[in-house]
Amino acid sequence: QVTLVESGGGLVQAGGSLRLSCAASGRTFRSYVMGWFRQAPGKVSEFVAAIDGSGSRIYYVDFVKGRLTIARENAKNTVYLQMNSLKTEDTAVYYCNAGLTITPMRSGSSWGQGTQVTVSS
């Protein structure tokens, strides 16, 4: 189990950028596949992006490719989500997740508290 704390959400105009951060506790951070999910009002949670422990394998859901970039700094126990060219439909609470699997897609057991991203038109 790992404790996750997100930061970096906020209000931004369409076309703008935000960078989300997720700080993890523990010494085994580099062993976890880390990911981001989001949940918009009235919708189910959806996978956004994931990165393996070394940072060599990265996965994105199709509708964010080219706009969102996931990265990690194992020395800082932190994973990031750089969000560019934001759209109003990106408005959601974004959650950091540790220990997910990609095939099959299955979330891990550790979640952060979530950070709100609101994109205005």
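The model is a predicted one, so local features need pLDDT of at least 70 and side-chain atom pairs count only at pLDDT 80 or more, while totals for chains, interfaces and linings use all residues. Residues are numbered from 1 along each chain as its sequence is written, and side-chain values use heavy atoms, with hydrogens and water left out.

**The disulfide**

Let's start with the cysteines. The structure holds 1 disulfide, a term that stands for a pair of cysteine sulfur atoms within 2.5 Å. Its members are Cys22 and Cys96, with sulfur atoms 2.1 Å apart. Cys22 belongs to strand β3 and Cys96 to strand β9, so the pair ties together parts that are 74 residues apart in sequence. Strands here are DSSP runs (E, at least two residues), numbered from the N terminus. The torsion about the S-S bond is about -85 degrees, so the disulfide of Cys22 and Cys96 is left-handed. Both cysteines are buried, meaning under 20% relative accessible area, where exposed is over 50% and partly exposed lies in between (1.4 Å probe, protein chains only).

**The sheet**

Strand β3 also takes part in an open sheet of 4 strands, ordered β1-β3-β8-β7 with antiparallel pairing. Two strands pair if DSSP finds at least two bridges between them. At the edges stand β1 and β7, each with a single partner strand, so one side of each has no neighbour in the sheet. Inside the sheet, β3 and β8 are joined in the antiparallel sense over 6 bridges, and Cys22 has Val79 of β8 as its bridge partner.

| Strand | Residues |
|---|---|
| β1 | 4–7 |
| β3 | 18–24 |
| β8 | 78–83 |
| β7 | 68–73 |

**The core**

Val79 turns up again in the largest nonpolar core, which has 33 residues; Val79 is listed with Met34, Trp36, Leu81 and Tyr94 as having the most contacts inside it. Such a core is a set of buried Ala, Val, Leu, Ile, Met, Phe, Trp, Tyr and Cys residues joined through side-chain atoms within 4.5 Å. Strands supplying at least two residues each include β3, β8 and β9, and β5 gives the most, with 5 residues.

**Phe63**

Finally, a look at a loop. Phe63 sits between β6 (58–60) and β7 and is partly exposed, with a relative accessible area of 38%. Leaving aside neighbours within four places in sequence, Phe63 is in contact (heavy atoms within 4.5 Å) with Arg38 and Glu46. Val48 is 15 residues from Phe63 in sequence and 8.6 Å away in space, C-alpha to C-alpha.
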